[in-house]
Structures are given as C-alpha cells and as structure tokens.
Amino acid sequence: MNYVEVTGGKLYQRKYVESLAYFCLKMLMPRKNNLEININLKTLNEDAHGYCLAVDSNEYELEIDKTLTLRKLLTTVAHELVHVKQYARKELKEDYVWLGRTYTPKKTDYWDRPWEIEAHGRECGLFVRWAEANKLGEKDWTKE
C-alpha cells in the first residue's frame, strides 16, 4: 500500500493534501502500491510553487508552498505528483532525461520541457476530479 505523510502547514491543508495525494496516486498509477510520499508544506522563498525530489525509485519528497491559496496549493500538489509518476515509471530521470532524451536546461525553456507540459496539463483535471469525487465542487475555493 502506498504511504503518504504530510507535514507542516495547517491541519485543513494537511487533510486536503493527503486526500488529494492518495487520489492522484490511484489515478496516475493504479497498480503501483509501494510508494512512500513525504509532503512538506512550508514557505518557499523562490519562484517555484513546489518541488519533487526522487529519493529512490519508491520514495519521494515534495515541498509545497503553504502560503498559496488552497486551490493553487492543491493543484501544485497534483502537478508534483505527476512528476512522481514520471520518476516512478522511469519516464523522467534526474539531469533532464525524458524518455531517453537529454534536454539542456539552458536551451530548453521551462514551458517547453515535456515533463512540465504533462504536469501542467494534468494538474487541473486531477484537482477537479478529486473535488468532484469528494463533493467539494460547489465550494468557492475550488473555483477559479
């Protein structure tokens, strides 16, 4: 069984993040059941809203900016969990290797990196499906 631990942030943030994380793992990798995901909600003093670090093939650490609005925080979690899927399925490897092809960070704009295209493309859909599955679609904070 997959294991998700959420630290930092406020209780309601941790509750929603944990629920969304399990949902995303089920949607993205339904047969994978040996992942350990540690999500730390903290203040990030950088341009990024979140980070994903592959500790090993089954363990991942996510850092998410806890100062984001709840919807943005949750879509960021979904985005970073797409990266977990990419690492777990060996689609993405450290050093900018995507499906066997190496990308040079200085030559490939952030928005043109295939792993970011997928993560940005799936984050909203994962969030909306989770919100609907949990009957949260009518809450003001789920709309944008």
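**View 1. Gly-50 stands opposite Ile-64 of β4.** Strands, like helices, are DSSP runs numbered from the N terminus (E, at least two residues, for strands; H or I, at least four, for helices). β3 and β4 pair in the antiparallel sense, over five bridges; two strands pair if DSSP finds at least two bridges between them. This is a predicted model: local features need pLDDT of at least 70, side-chain atom pairs count only at pLDDT 80 or more, and totals for chains, interfaces and linings use all residues. Residues are numbered from 1 along each chain as its sequence is written, and side-chain values use heavy atoms, with hydrogens and water left out.

**View 2. Four strands form an open sheet in the order β1-β2-β4-β3.** The pairing is mixed. β1 and β3 (50-54) are the edge strands, each pairing on one side only.

**View 3. The largest nonpolar core has 40 residues.** Such a core is a set of buried Ala, Val, Leu, Ile, Met, Phe, Trp, Tyr and Cys residues joined through side-chain atoms within 4.5 Å, where buried means under 20% relative accessible area (1.4 Å probe, protein chains only). Among the residues with the most contacts inside this core are Ile-37, Ile-39, Leu-62 and Trp-130. Elements giving two or more residues to the core include α1 (11-28), α2 (70-88) and α3 (114-133). α2 provides the largest share, 10 residues.

Methods: Buried < 20%, exposed > 50% of the residue type's maximum accessible area, 1.4 Å probe, protein only.
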